[in-house]
Amino acid sequence: MGDVATARRGTNLPRMGDFNRSVIFDAIRRAPEGRSRVELVEMSGLSTQTVSNIARWLLEQELVVEAGKERAGIGKPRTLLRLNRTGMFAVGVHIDPAVMTFVVLDLVGGVVAHSRRRTPKANRPERVMALIHDGIEQLIADSEVPRDKIVGVGVAAPGPIDQERGTIVDPPHLVDWHRVPLRDALETSTGLPVLVDKDVTAAAVAETWAGGASGAGSFVFVYLGTGVGAGLVVHDELMRGVSGNAGEVGHIVTDPEGPVCWCGQRGCVAVTCTPQAMVEEAERAEVIPETRHAATLLRDARDVDAQFTRLCRVAAGGDAAAGDILNRAAEHTARAVAVLTNLLDVDRVVFGGPMWQRVSERYLERIPPHLDAFSATGALRRVPVVGTGVGDDVGAIGAACLVLERTFTPSAARLLLAH
Ligand SMILES: [Zn+2]
(Lines give C-alpha, C1' and ligand atoms only; values in the text may rest on other atoms or scores of the structure.)
Protein backbone atom coordinates (compact mmCIF):
# COMPACT_ATOMS: atom_id res chain seq x y z
CA MET A 1 0.00 0.00 0.00
CA GLY A 2 1.42 3.35 -1.06
CA ASP A 3 0.43 5.06 2.17
CA VAL A 4 2.70 2.85 4.22
CA ALA A 5 5.72 4.15 2.37
CA THR A 6 4.50 7.72 2.79
CA ALA A 7 4.08 7.26 6.53
CA ARG A 8 7.49 5.65 6.93
CA ARG A 9 9.14 8.46 4.99
CA GLY A 10 7.60 10.97 7.37
CA THR A 11 9.34 9.54 10.42
CA ASN A 12 12.73 10.81 9.30
CA LEU A 13 12.13 14.20 10.84
CA PRO A 14 11.13 15.16 14.36
CA ARG A 15 7.42 15.87 14.41
CA MET A 16 5.05 17.99 16.36
CA GLY A 17 3.63 14.60 17.22
CA ASP A 18 0.11 15.85 17.23
CA PHE A 19 -2.11 17.44 14.60
CA ASN A 20 -3.51 20.00 17.05
CA ARG A 21 -0.02 21.14 17.96
CA SER A 22 0.77 21.83 14.35
CA VAL A 23 -2.52 23.67 13.86
CA ILE A 24 -1.68 26.00 16.77
CA PHE A 25 1.93 26.38 15.68
CA ASP A 26 0.81 27.21 12.15
CA ALA A 27 -1.64 29.84 13.38
CA ILE A 28 1.16 31.47 15.39
CA ARG A 29 3.64 31.41 12.51
CA ARG A 30 1.19 33.11 10.18
CA ALA A 31 0.93 36.09 12.54
CA PRO A 32 4.36 37.76 12.78
CA GLU A 33 3.00 40.19 15.38
CA GLY A 34 1.92 37.29 17.58
CA ARG A 35 -1.33 35.75 18.75
CA SER A 36 -2.97 35.50 22.14
CA ARG A 37 -4.24 32.22 23.57
CA VAL A 38 -7.78 33.59 23.35
CA GLU A 39 -7.35 34.22 19.62
CA LEU A 40 -5.93 30.74 19.16
CA VAL A 41 -8.95 29.23 20.89
CA GLU A 42 -11.28 31.19 18.62
CA MET A 43 -9.33 30.29 15.46
CA SER A 44 -8.81 26.61 16.15
CA GLY A 45 -12.06 25.67 17.82
CA LEU A 46 -10.01 23.79 20.43
CA SER A 47 -10.74 24.10 24.12
CA THR A 48 -9.00 26.68 26.29
CA GLN A 49 -7.34 23.88 28.22
CA THR A 50 -6.01 22.20 25.07
CA VAL A 51 -4.65 25.45 23.66
CA SER A 52 -3.07 26.25 27.00
CA ASN A 53 -1.36 22.83 27.14
CA ILE A 54 -0.09 23.14 23.58
CA ALA A 55 1.19 26.67 24.25
CA ARG A 56 3.10 25.38 27.27
CA TRP A 57 4.61 22.57 25.20
CA LEU A 58 5.65 24.98 22.44
CA LEU A 59 7.23 27.29 25.03
CA GLU A 60 9.10 24.36 26.61
CA GLN A 61 10.39 23.30 23.21
CA GLU A 62 11.56 26.91 22.68
CA LEU A 63 9.60 27.02 19.43
CA VAL A 64 7.57 30.04 20.55
CA VAL A 65 8.20 32.88 22.97
CA GLU A 66 5.90 35.16 24.92
CA ALA A 67 6.15 38.50 23.21
CA GLY A 68 4.54 41.36 25.05
CA LYS A 69 0.94 41.94 25.93
CA GLU A 70 -2.02 43.20 23.98
CA ARG A 71 -4.86 45.09 25.60
CA ALA A 72 -8.15 44.13 23.97
CA GLY A 73 -11.04 46.13 25.43
CA ILE A 74 -11.63 45.91 29.15
CA GLY A 75 -10.05 43.23 31.28
CA LYS A 76 -6.67 41.66 31.64
CA PRO A 77 -4.17 42.32 28.83
CA ARG A 78 -3.47 39.22 26.72
CA THR A 79 -0.01 37.73 26.41
CA LEU A 80 1.02 37.23 22.79
CA LEU A 81 2.80 34.13 21.52
CA ARG A 82 5.24 34.51 18.69
CA LEU A 83 7.65 32.19 16.90
CA ASN A 84 11.06 31.97 18.50
CA ARG A 85 13.30 32.90 15.59
CA THR A 86 16.28 31.01 16.98
CA GLY A 87 14.28 28.05 18.29
CA MET A 88 15.08 25.86 15.32
CA PHE A 89 17.04 26.04 12.08
CA ALA A 90 17.01 24.21 8.76
CA VAL A 91 19.60 23.84 6.01
CA GLY A 92 18.55 24.25 2.37
CA VAL A 93 20.49 23.16 -0.71
CA HIS A 94 19.49 23.96 -4.27
CA ILE A 95 21.22 21.91 -6.95
CA ASP A 96 20.79 23.92 -10.08
CA PRO A 97 22.57 22.65 -13.19
CA ALA A 98 24.65 25.84 -13.21
CA VAL A 99 25.11 26.68 -9.51
CA MET A 100 24.58 25.12 -6.09
CA THR A 101 23.18 27.39 -3.38
CA PHE A 102 23.30 26.68 0.37
CA VAL A 103 21.37 28.48 3.10
CA VAL A 104 20.71 28.16 6.82
CA LEU A 105 17.25 29.43 7.73
CA ASP A 106 15.84 30.34 11.10
CA LEU A 107 12.37 29.37 12.21
CA VAL A 108 10.69 32.41 10.66
CA GLY A 109 12.31 31.78 7.28
CA GLY A 110 15.10 34.36 7.69
CA VAL A 111 18.45 33.59 6.03
CA VAL A 112 21.15 33.21 8.70
CA ALA A 113 23.95 32.14 6.35
CA HIS A 114 24.29 31.68 2.63
CA SER A 115 26.87 30.43 0.12
CA ARG A 116 27.17 29.44 -3.52
CA ARG A 117 29.34 27.06 -5.48
CA ARG A 118 29.45 26.27 -9.14
CA THR A 119 27.96 22.92 -10.01
CA PRO A 120 30.92 20.90 -11.28
CA LYS A 121 30.81 20.27 -14.97
CA ALA A 122 31.98 16.71 -14.61
CA ASN A 123 28.83 15.22 -13.19
CA ARG A 124 30.36 12.27 -11.40
CA PRO A 125 27.80 11.72 -8.64
CA GLU A 126 30.36 10.94 -5.91
CA ARG A 127 32.14 14.20 -6.60
CA VAL A 128 28.95 16.25 -6.67
CA MET A 129 27.78 14.63 -3.43
CA ALA A 130 31.13 15.28 -1.75
CA LEU A 131 30.83 18.94 -2.76
CA ILE A 132 27.28 19.14 -1.42
CA HIS A 133 28.35 17.62 1.88
CA ASP A 134 31.28 19.98 2.10
CA GLY A 135 29.04 22.97 1.30
CA ILE A 136 26.59 21.98 4.06
CA GLU A 137 29.29 21.46 6.71
CA GLN A 138 31.11 24.67 5.83
CA LEU A 139 27.92 26.70 6.02
CA ILE A 140 26.81 25.21 9.34
CA ALA A 141 30.24 26.05 10.76
CA ASP A 142 30.10 29.61 9.39
CA SER A 143 26.56 30.16 10.69
CA GLU A 144 27.62 29.24 14.26
CA VAL A 145 24.21 27.62 14.75
CA PRO A 146 24.35 24.78 17.33
CA ARG A 147 23.98 21.48 15.50
CA ASP A 148 21.29 20.20 17.84
CA LYS A 149 19.10 23.12 16.76
CA ILE A 150 19.19 22.03 13.12
CA VAL A 151 16.05 20.11 12.33
CA GLY A 152 17.22 18.76 8.98
CA VAL A 153 18.52 19.36 5.48
CA GLY A 154 16.29 19.97 2.46
CA VAL A 155 17.64 19.39 -1.03
CA ALA A 156 15.84 20.90 -4.02
CA ALA A 157 16.66 19.75 -7.52
CA PRO A 158 15.08 19.77 -10.95
CA GLY A 159 12.48 17.00 -11.15
CA PRO A 160 11.34 14.43 -11.55
CA ILE A 161 12.32 13.08 -8.15
CA ASP A 162 11.62 9.75 -6.50
CA GLN A 163 10.47 10.91 -3.10
CA GLU A 164 10.18 7.45 -1.65
CA ARG A 165 13.82 6.62 -2.34
CA GLY A 166 15.10 10.19 -2.02
CA THR A 167 16.64 10.21 -5.47
CA ILE A 168 16.71 12.55 -8.42
CA VAL A 169 15.54 10.58 -11.44
CA ASP A 170 17.80 11.07 -14.46
CA PRO A 171 17.92 14.89 -14.34
CA PRO A 172 18.29 16.07 -17.96
CA HIS A 173 21.14 18.43 -17.17
CA LEU A 174 23.18 16.17 -14.88
CA VAL A 175 24.21 13.63 -17.45
CA ASP A 176 25.67 10.87 -15.28
CA TRP A 177 23.03 10.91 -12.57
CA HIS A 178 20.86 7.85 -12.69
CA ARG A 179 18.84 7.44 -9.52
CA VAL A 180 21.70 8.46 -7.28
CA PRO A 181 20.72 7.73 -3.63
CA LEU A 182 21.21 11.34 -2.65
CA ARG A 183 19.11 11.42 0.51
CA ASP A 184 20.61 8.32 2.10
CA ALA A 185 24.16 9.33 1.24
CA LEU A 186 23.71 12.79 2.77
CA GLU A 187 21.98 11.41 5.85
CA THR A 188 24.93 9.13 6.42
CA SER A 189 27.55 11.79 5.83
CA THR A 190 25.90 14.65 7.79
CA GLY A 191 24.05 12.65 10.44
CA LEU A 192 21.05 14.91 9.87
CA PRO A 193 17.60 14.02 8.50
CA VAL A 194 17.50 14.84 4.78
CA LEU A 195 14.62 15.24 2.37
CA VAL A 196 14.73 15.67 -1.39
CA ASP A 197 12.11 17.53 -3.39
CA LYS A 198 11.59 19.32 -6.68
CA ASP A 199 12.92 22.84 -6.98
CA VAL A 200 9.54 24.20 -8.10
CA THR A 201 7.86 22.64 -5.07
CA ALA A 202 10.53 24.12 -2.84
CA ALA A 203 10.02 27.55 -4.39
CA ALA A 204 6.28 27.44 -3.77
CA VAL A 205 6.83 26.44 -0.14
CA ALA A 206 9.39 29.24 0.27
CA GLU A 207 6.70 31.66 -0.86
CA THR A 208 4.29 30.40 1.82
CA TRP A 209 6.93 30.64 4.58
CA ALA A 210 8.93 33.70 3.63
CA GLY A 211 7.10 35.44 0.80
CA GLY A 212 4.81 37.63 2.89
CA ALA A 213 1.46 38.61 1.34
CA SER A 214 2.18 36.92 -2.01
CA GLY A 215 2.53 33.55 -0.24
CA ALA A 216 -0.92 33.42 1.37
CA GLY A 217 -4.04 31.65 0.13
CA SER A 218 -4.01 29.99 -3.28
CA PHE A 219 -1.44 30.63 -5.97
CA VAL A 220 0.51 29.19 -8.86
CA PHE A 221 4.26 29.64 -8.53
CA VAL A 222 5.83 29.78 -11.99
CA TYR A 223 9.47 28.79 -11.71
CA LEU A 224 11.87 30.06 -14.36
CA GLY A 225 15.07 28.07 -14.17
CA THR A 226 16.84 25.88 -16.66
CA GLY A 227 13.34 24.61 -17.35
CA VAL A 228 9.93 26.06 -16.56
CA GLY A 229 7.89 24.43 -13.82
CA ALA A 230 4.94 25.23 -11.59
CA GLY A 231 4.36 24.89 -7.86
CA LEU A 232 0.72 24.80 -6.82
CA VAL A 233 -0.59 26.03 -3.49
CA VAL A 234 -4.32 25.80 -2.76
CA HIS A 235 -5.73 27.22 0.48
CA ASP A 236 -2.25 27.48 2.01
CA GLU A 237 -1.48 23.86 1.23
CA LEU A 238 0.99 22.62 -1.31
CA MET A 239 -0.32 20.22 -3.96
CA ARG A 240 2.36 17.58 -4.35
CA GLY A 241 0.49 14.97 -6.31
CA VAL A 242 0.66 11.28 -5.45
CA SER A 243 4.35 10.90 -6.34
CA GLY A 244 5.48 14.40 -5.35
CA ASN A 245 5.85 15.41 -8.98
CA ALA A 246 2.83 17.67 -9.55
CA GLY A 247 3.45 20.78 -11.62
CA GLU A 248 5.17 19.36 -14.70
CA VAL A 249 4.09 21.96 -17.25
CA GLY A 250 6.88 21.54 -19.80
CA HIS A 251 4.66 19.93 -22.41
CA ILE A 252 1.64 22.21 -22.30
CA VAL A 253 1.27 23.37 -25.92
CA THR A 254 1.45 27.15 -26.21
CA ASP A 255 1.97 27.41 -29.97
CA PRO A 256 0.55 24.67 -32.23
CA GLU A 257 2.66 26.05 -35.11
CA GLY A 258 5.79 26.18 -32.98
CA PRO A 259 9.02 24.18 -33.07
CA VAL A 260 8.91 20.40 -32.69
CA CYS A 261 9.50 19.26 -29.12
CA TRP A 262 11.29 16.04 -28.15
CA CYS A 263 7.96 14.76 -26.84
CA GLY A 264 6.63 14.76 -30.41
CA GLN A 265 4.26 17.70 -30.14
CA ARG A 266 4.82 21.18 -31.50
CA GLY A 267 5.22 24.36 -29.50
CA CYS A 268 5.41 23.02 -25.94
CA VAL A 269 6.48 25.23 -23.03
CA ALA A 270 9.84 23.39 -23.19
CA VAL A 271 10.53 24.73 -26.68
CA THR A 272 8.79 28.13 -26.49
CA CYS A 273 9.18 29.49 -22.93
CA THR A 274 12.48 28.22 -21.51
CA PRO A 275 15.65 30.31 -21.50
CA GLN A 276 17.31 27.66 -23.66
CA ALA A 277 14.55 27.95 -26.28
CA MET A 278 14.82 31.76 -26.29
CA VAL A 279 18.61 31.64 -26.50
CA GLU A 280 18.55 29.21 -29.41
CA GLU A 281 15.97 31.25 -31.28
CA ALA A 282 18.11 34.35 -30.77
CA GLU A 283 21.19 32.51 -32.04
CA ARG A 284 19.38 31.27 -35.14
CA ALA A 285 18.19 34.82 -35.85
CA GLU A 286 21.73 36.09 -35.19
CA VAL A 287 20.41 38.44 -32.52
CA ILE A 288 23.24 37.20 -30.30
CA PRO A 289 26.40 35.44 -31.49
CA GLU A 290 26.30 31.68 -31.23
CA THR A 291 28.70 30.18 -28.71
CA ARG A 292 30.84 27.22 -29.66
CA HIS A 293 28.38 24.86 -27.98
CA ALA A 294 26.17 23.14 -30.48
CA ALA A 295 22.45 23.44 -29.92
CA THR A 296 21.67 20.15 -28.26
CA LEU A 297 19.19 18.94 -25.73
CA LEU A 298 21.95 18.56 -23.17
CA ARG A 299 23.49 21.91 -23.73
CA ASP A 300 25.60 23.13 -20.84
CA ALA A 301 23.43 25.00 -18.36
CA ARG A 302 26.08 27.62 -17.63
CA ASP A 303 26.34 28.46 -21.30
CA VAL A 304 22.56 28.91 -21.55
CA ASP A 305 22.67 31.07 -18.44
CA ALA A 306 25.34 33.36 -19.88
CA GLN A 307 23.65 33.57 -23.28
CA PHE A 308 20.30 34.36 -21.66
CA THR A 309 21.88 37.24 -19.76
CA ARG A 310 23.29 38.46 -23.05
CA LEU A 311 19.91 38.23 -24.82
CA CYS A 312 18.16 40.13 -22.02
CA ARG A 313 20.85 42.80 -22.08
CA VAL A 314 20.55 43.25 -25.86
CA ALA A 315 16.76 43.49 -25.54
CA ALA A 316 17.01 46.04 -22.73
CA GLY A 317 19.35 48.05 -24.96
CA GLY A 318 16.49 48.45 -27.43
CA ASP A 319 17.17 45.69 -29.98
CA ALA A 320 13.75 45.05 -31.51
CA ALA A 321 14.42 41.46 -32.61
CA ALA A 322 15.70 40.51 -29.13
CA GLY A 323 12.72 42.24 -27.55
CA ASP A 324 10.35 40.33 -29.85
CA ILE A 325 11.81 36.99 -28.81
CA LEU A 326 11.29 37.79 -25.12
CA ASN A 327 7.83 39.24 -25.75
CA ARG A 328 6.72 36.14 -27.63
CA ALA A 329 8.03 33.97 -24.82
CA ALA A 330 6.03 36.11 -22.38
CA GLU A 331 2.89 35.56 -24.42
CA HIS A 332 3.49 31.81 -24.63
CA THR A 333 4.17 31.69 -20.91
CA ALA A 334 0.88 33.52 -20.31
CA ARG A 335 -0.93 30.87 -22.39
CA ALA A 336 0.52 28.06 -20.28
CA VAL A 337 -0.18 29.93 -17.04
CA ALA A 338 -3.78 30.51 -18.15
CA VAL A 339 -4.26 26.74 -18.41
CA LEU A 340 -3.26 26.48 -14.75
CA THR A 341 -5.21 29.48 -13.48
CA ASN A 342 -8.32 28.38 -15.37
CA LEU A 343 -7.96 24.92 -13.88
CA LEU A 344 -7.26 25.98 -10.30
CA ASP A 345 -8.98 29.39 -9.92
CA VAL A 346 -6.25 30.84 -7.68
CA ASP A 347 -5.76 34.21 -5.96
CA ARG A 348 -2.63 35.11 -7.93
CA VAL A 349 0.33 34.00 -10.01
CA VAL A 350 3.81 34.36 -8.50
CA PHE A 351 6.91 34.28 -10.69
CA GLY A 352 10.40 33.43 -9.48
CA GLY A 353 13.44 31.21 -9.93
CA PRO A 354 17.03 31.82 -10.98
CA MET A 355 16.16 33.28 -14.40
CA TRP A 356 13.31 35.47 -13.19
CA GLN A 357 15.07 38.76 -12.36
CA ARG A 358 16.34 39.14 -15.93
CA VAL A 359 12.85 39.22 -17.44
CA SER A 360 10.81 40.40 -14.47
CA GLU A 361 10.14 43.93 -15.69
CA ARG A 362 9.07 42.82 -19.16
CA TYR A 363 7.02 39.86 -17.92
CA LEU A 364 5.18 41.85 -15.24
CA GLU A 365 4.17 44.32 -17.93
CA ARG A 366 3.38 41.83 -20.71
CA ILE A 367 1.87 38.81 -19.03
CA PRO A 368 -1.15 40.29 -17.18
CA PRO A 369 -3.01 41.52 -20.30
CA HIS A 370 -2.40 38.20 -22.08
CA LEU A 371 -3.52 36.30 -19.02
CA ASP A 372 -6.72 38.35 -18.87
CA ALA A 373 -7.37 37.58 -22.53
CA PHE A 374 -6.88 33.82 -22.03
CA SER A 375 -8.69 33.66 -18.71
CA ALA A 376 -12.06 31.95 -18.50
CA THR A 377 -13.05 34.21 -15.62
CA GLY A 378 -11.63 37.37 -17.22
CA ALA A 379 -15.03 39.06 -17.12
CA LEU A 380 -15.34 38.42 -13.38
CA ARG A 381 -11.89 39.09 -12.04
CA ARG A 382 -8.31 39.64 -13.04
CA VAL A 383 -5.71 37.25 -11.70
CA PRO A 384 -2.89 39.38 -10.24
CA VAL A 385 0.67 38.57 -11.36
CA VAL A 386 3.57 39.33 -8.99
CA GLY A 387 7.26 38.58 -8.60
CA THR A 388 8.42 36.41 -5.70
CA GLY A 389 8.80 38.03 -2.32
CA VAL A 390 11.70 35.68 -1.54
CA GLY A 391 14.40 36.65 -4.05
CA ASP A 392 16.91 34.77 -6.17
CA ASP A 393 17.73 32.09 -3.62
CA VAL A 394 14.12 30.92 -3.60
CA GLY A 395 15.15 27.32 -4.47
CA ALA A 396 17.56 26.90 -1.55
CA ILE A 397 15.37 28.84 0.87
CA GLY A 398 12.49 26.66 -0.25
CA ALA A 399 14.48 23.49 0.37
CA ALA A 400 15.01 24.59 3.98
CA CYS A 401 11.36 25.67 4.24
CA LEU A 402 10.34 22.16 3.13
CA VAL A 403 12.06 20.81 6.22
CA LEU A 404 10.22 23.33 8.42
CA GLU A 405 6.98 22.66 6.57
CA ARG A 406 7.21 18.91 6.91
CA THR A 407 8.04 19.25 10.57
CA PHE A 408 5.51 21.85 11.59
CA THR A 409 2.66 22.35 9.16
CA PRO A 410 -0.70 20.65 9.60
CA SER A 411 -1.95 18.93 6.50
CA ALA A 412 -5.07 16.98 5.75
CA ALA A 413 -2.94 14.16 4.33
CA ARG A 414 -0.99 13.84 7.55
CA LEU A 415 -4.17 13.81 9.61
CA LEU A 416 -5.38 10.83 7.60
CA LEU A 417 -2.06 9.03 7.98
CA ALA A 418 -2.08 9.55 11.72
CA HIS A 419 -5.31 7.63 12.20
ZN1 LIG B 1 6.86 18.69 -25.49
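This is a predicted model: local features need pLDDT of at least 70, side-chain atom pairs count only at pLDDT 80 or more; totals for chains, interfaces and linings use all residues.
Begin by selecting residues 356–374, which form helix H12: a straight helix of 19 residues would span 27 Å at 1.5 Å a residue, yet H12 spans only 22 Å between its end C-alpha atoms.

Where does H12 bend? Colour tyrosine 363, for it is there that H12 bends by about 50 degrees.

Staying with this helix, show the side chains of Trp356, Val359, Ser360, Tyr363, Ile367, Pro368 and Leu371, which are buried in H12. In an α-helix there are 3.6 residues a turn, so residues three or four places apart point the same way.

Next, select helix H7 (residues 199–210) and helix H13 (residues 394–408), whose axes come within 7 Å and cross at roughly 70 degrees. Because of that angle, H7 is roughly perpendicular to H13. At the contact, Thr201, Ala202, Ala203, Val205, Ala206 and Trp209 of H7 meet residues of H13 that include Val394, Ile397, Leu402 and Phe408. The residues of this contact between H7 and H13 comprise twelve nonpolar, three polar and one charged.

Finally, show the whole protein, which has 14 helices and 15 strands, and in which buried residues make up 54% of the 419 residues. Among contacts between residues at least 6 apart in sequence, 62% join residues at least 24 apart.

Methods
Residues are numbered from 1 along each chain as its sequence is written. Side-chain values use heavy atoms; hydrogens and water are left out. Helices (H or I, at least four residues) and strands (E, at least two) are DSSP runs, numbered from the N terminus. The expected span of a helix is 1.5 Å times one less than its number of residues. The bend at a residue is the angle between axes fitted to the seven residues ending there and the seven starting there. Buried means under 20% relative accessible area, exposed over 50%, partly exposed in between (1.4 Å probe, protein chains only). Axes are lines fitted to C-alpha atoms, for helices over the stretch in contact, and angles run from 0 to 180 degrees between N-to-C directions. Angles under 35 degrees count as roughly parallel, over 145 as roughly antiparallel, 65 to 115 as roughly perpendicular and the rest as oblique. Contact means heavy atoms within 4.5 Å. Ala, Val, Leu, Ile, Met, Phe, Trp, Tyr, Cys and Pro count as nonpolar, Asp, Glu, Lys and Arg as charged, and the others, Gly among them, as polar.
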